Amino acid sequence: MISQENTFNIQELETIVRKDNISLWQDIDQTKKQQISQAIAPDTTINCIVYPETQAQLSTIVTCCAKNNWAILPCGNGSKVHWGGLMKVDRTTHKQGIIVVSSDRLNHLIEHAVGDLTVTVEAGMKYAELQETLAKAGQFLAIDPAYSETATIGGIIATADTGSLRQRYRGVRDMLLGISFVRSDGKIAKAGGRVVKNVAGYDLMKLFTGSYGTLGIISQVTLRVYPQQQASGTVVLVGEKNNIAKATQTLLSSALTPVAIDLLSTKLVEQLDLGKGVGLMVRFQSIIESVEEQSNQLLKVGDSLGLNSTRYHDYEAELWQKLKQQIWHSQQNEIICKIGVMPREAVETLERSAIETGFGLIHAGSGLGELKFNSVTPETILELRRWCESKGGFITVLAAPLEIKEKLDVWGYNQNGLEIMRRIKQQFDPQNIFNPYSFVGGI
């Protein structure tokens with residue numbers, strides 16, 4: 001129920017955007033409500049979603065929120081708004097609940113410099129739409145995010161969601177050449193530019209990559225793109241974990257240049273109907289002759305170790321899509337975690353007894369990956385976290401029922417970087433209006 005005071009506030013927002021760009025909470029469809037409800041602490045009031053259509057409108061909305069001390073939940077299309085910690089409000093300062101500010105209608109292509117291999121877009125542009133546009137020029141964005149049909153570019157950057165292509169093209173931050181964002185006082189700030197070059201100065205792009213909407217609202221970005229490759233092929237090796245570990249190490253120390261190397265847990269291998277044992281999925285993209293030769297060399301490695309070796313060519317894109325669906329197309333009560341370990345510990349980590357209730361994958365070159373559980377207790381997650389930390393790694397809970405997130409620290413970080421993070425948050429958002437108390441250390 002929205003109070004008369006809140007109704008007046010809605011009218012204030014209507015002076016900035018058209019009435020049809022504001023949706024009251026009671027009028028929002030159930031799917032969107034469910035997405036957003038999973039991002040906030042229980043018993044927290046959400047007043048409305050506001051959809052600015054221009055960067056200037058976004059700036060004015062944030063100015064209005066700062067003036068009234070309204071808490072802001074930034075979001076794009078909402079596919080990953082529930083990731084990470086729960087947003088909470090301080091009822092003594094944010095008395096009127098939450099305003100959800102969506103970049104979904106900030107979705108335009110600003111510039112595609114084909115010859116420079118760069119593209120500038122508004123943050124609300126969907127990843128799938130951008131890839132379609134780039135494909136017309138024989139180019140692509142080298143990111144393989146979760147929920148690729150619905151994810152927005154701003155959301156991908158805010159969550160640092162790279163995916164399997166990290167092996168060849170590195171992380172989201174390495175794609176980012178320029179960024180515009182709206183500060184907590186409503187002013188528009190910029191960093192970087194629209195050309196591929198190195199610049200001196202404070203790396204705001206690194207700060208905003210993986211900041212989960214706690215420092216400002218991304219409005220526009222410039223990204224590095226790549227030429228599409230002529231051919232693509234995948235080799236899958238399945239077998240005993242020690243031999244998979246040997247095959248992985250042989251591959252990583254070889255001259256082969258795969259774009260993706262993913263280690264799969266035993267249960268995930270079974271889900272994909274790839275056989276029995278631990279799996280290694282390796283993708284090559286280049287000219288046809290190179291893909292053929294590199295695939296053959298890896299098949300020989302698998303044969304020499306007694307692994308079940310299979311090559312996929314015609315349907316390999318479908319295989320990778322099926323892999324993503326197994327991880328990311330989750331039911332309401334399932335738990336998805338981001339994991340990081342030293343690469344040499346990846347196979348052993350996937351085979352930990354605590355993972356028997358779920359399954360997962362780890363990108364072999366970086367040691368980063370995802371775990372998915374149909375049912376798991378906070379104690380089991382903490383057990384896995386202790387294991388990962390003993391191996392120099394971490395576990396972060398991305399998606400989980402509210403009762404799980406309320407019982408544990410989803411980030412699990414308590415190192416000496418916390419004080420620096422708090423000072424950065426204070427500098428960028430002194431009123432604590434952007435996604436408050438949801439980030440590492442309750443920031």
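Start by selecting Glu316: leaving aside neighbours within four places in sequence, its contacts (heavy atoms within 4.5 Å) are Ser232, Gly233, Thr234 and Arg283. Before going on, note that this is a predicted model, where local features need pLDDT of at least 70, side-chain atom pairs count only at pLDDT 80 or more, and totals for chains, interfaces and linings use all residues. Residues are numbered from 1 along each chain as its sequence is written, and side-chain values use heavy atoms, with hydrogens and water left out.

**Stop 1: around Glu316**

Glu316 sits in helix α12 (residues 316-328); helices (H or I, at least four residues) and strands (E, at least two) are DSSP runs, numbered from the N terminus. Glu316 counts as buried because its relative accessibility is 4%, the cut-off being under 20% relative accessible area with a 1.4 Å probe, protein chains only. Now show the side chains of Ser232 and Thr234. Glu316 makes a side-chain polar contact with Ser232 at 2.6 Å and another with the side chain of Thr234 at 2.5 Å. Polar contact here means a pair of N or O atoms within 3.5 Å; within protein, one must be able to donate a hydrogen and the other to accept it, and residues adjacent in sequence count only if both atoms are side-chain atoms.

**Stop 2: helix α9**

Next, pick residues 241-252, the twelve residues of α9. At the start of this helix, a side-chain oxygen of Glu240 comes to within 2.9 Å of the backbone nitrogen of Asn242. Which residues of α9 are buried? Colour Ile244, Ala247, Thr248 and Leu251. They lie on the same side of α9, because they cover an arc of only 100 degrees around the axis (taken from the directions from the helix axis to the C-beta atoms). Show what they pack against: β12 (231-239), β13 (260-264), β14 (278-286), α11 (288-304) and α13 (346-350).

**Stop 3: the open sheet**

Now for five antiparallel strands, in the order β5-β6-β10-β8-β9; strands pair if DSSP finds at least two bridges between them. The edges are β5 (109-113) and β9 (188-192), each pairing on one side only. Zoom in on β5 and β6 (residues 118-122), which share four bridges; Glu111 has Thr120 in β6 as its bridge partner.

Finish with the helices on this sheet. Helix α3 (residues 55-68) touches β8 (176-182), β9 and β10 (217-224), at about 145 degrees to β10. Helix α4 (residues 127-135) lies across β5, β6 and β10, at about 145 degrees to β6. Axes are lines fitted to C-alpha atoms, for helices over the stretch in contact, and angles run from 0 to 180 degrees between N-to-C directions.

Technical notes
The expected span of a helix is 1.5 Å times one less than its number of residues. Buried means under 20% relative accessible area, exposed over 50%, partly exposed in between (1.4 Å probe, protein chains only).
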